[in-house]
Amino acid sequence: MLIIFEQVFTLFAFALAGYALSKFRIVKSDHTQILSGILVYVFSTCNVFKTFVANFTVEYISQRWYLILVSAIVLVILAVAARFGSTLFAKEKYVRQSYEYTLVVPNYGYVGYALCESLLGLAALLDMVIFALPLTAYVYMKGYPMLTKSGMSLKKLFNANIIAMLIGAVIGLSGIRMPELVMNIAEKSSSCMGPVSMLLMGITISEFDLIKLVNDKKVYITSILRLVVIPILVGFALKPFCPLEVVQIAVLLYAMPCGLNTIVFPKLVGERCELGASWATVSNILACATIPMVLALFGIG
């Protein structure tokens, strides 16, 4: 419980800093588009590149291919369910797609990896990174076009992160050894993702009435689905077919709060993201209680 609280609070400290910076007019709301651009085109791109170079290797994939297969199956089922389920929450296409994304994608990168290493060890963290590869592909091939209104055309699908993913995959599979300097740059950039994204979240929250952000019943329903219902269903569905360590990784990943890209991606194109701010606020607060409960159910921690 303490580890979980520390991880969530550490990130929330940056969100509080962003909120204060905005409220005291040290930064302006239009700065969020700059932050979002840096986050997506520099930090996130480096993180995707580093992840695929380090983990998408012939040796590791040949040993852990089943993690990608299980993850892909879960992702497809969840994406189909979210596609239909999102229609119950909204009629407008863009809002409906935001619900769809939130139901599918948890905050596995900023919170999940740190918790996994703390609770299950480094070996489990490496497995979780492999397990998350299909989800990472979904974020940038499906989520990015949805949340930036850029559409699903082949030309627009080749955004910076997809290019980084493809190059990283080729380098990883080919076994080419990247210069240490390049990997150090990618590593340093990746470590900026969590703090910068939470600063962005805090600044964004400051633009709205905080009471309204935490007063939307649909946000609570979505957050409970994201934090409790989905990870429990995933865990019990996989339990008869997969080793315990795979079940635990899947549950841990899907028990994380709502992803922050419902703020990051819309900000990139100047789209309002009040709904994303509500999910970020409510789900992270609820997560302090739901994550220990869900993880305990599957013997994690």
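Helices here are DSSP runs of H or I with at least four residues, strands are runs of E with at least two, and both are numbered from the N terminus. The model is a predicted one: local features need pLDDT of at least 70, side-chain atom pairs count only at pLDDT 80 or more, and totals for chains, interfaces and linings use all residues. Residues are numbered from 1 along each chain as its sequence is written, and side-chain values use heavy atoms, with hydrogens and water left out.

Let me begin with H16. This helix has 24 residues and reaches 33 Å from its first C-alpha to its last, close to the 34 Å expected at 1.5 Å a residue (1.5 Å times one less than the number of residues). At Ala 287, H16 bends by about 50°, the bend being the angle between axes fitted to the seven residues ending there and the seven starting there. Just after H16, Gly 299 has a positive phi of about 70°.

Which helix meets H16 at Ala 277, Ala 280 and Thr 281? The partner is H11, through Met 201, Thr 204 and Ile 205, where contact means heavy atoms within 4.5 Å. By class, that contact holds 4 nonpolar, 2 polar and no charged residues (Ala, Val, Leu, Ile, Met, Phe, Trp, Tyr, Cys and Pro count as nonpolar, Asp, Glu, Lys and Arg as charged, and the others, Gly among them, as polar).

I turn now to H2, residues 31–55. The axes of H2 and H11 come within 10 Å and cross at roughly 160°; axes are lines fitted to C-alpha atoms, for helices over the stretch in contact, and angles run from 0 to 180 degrees between N-to-C directions. The contact includes Leu 39 and Phe 43 of H2 and Leu 200 of H11. Thank you.
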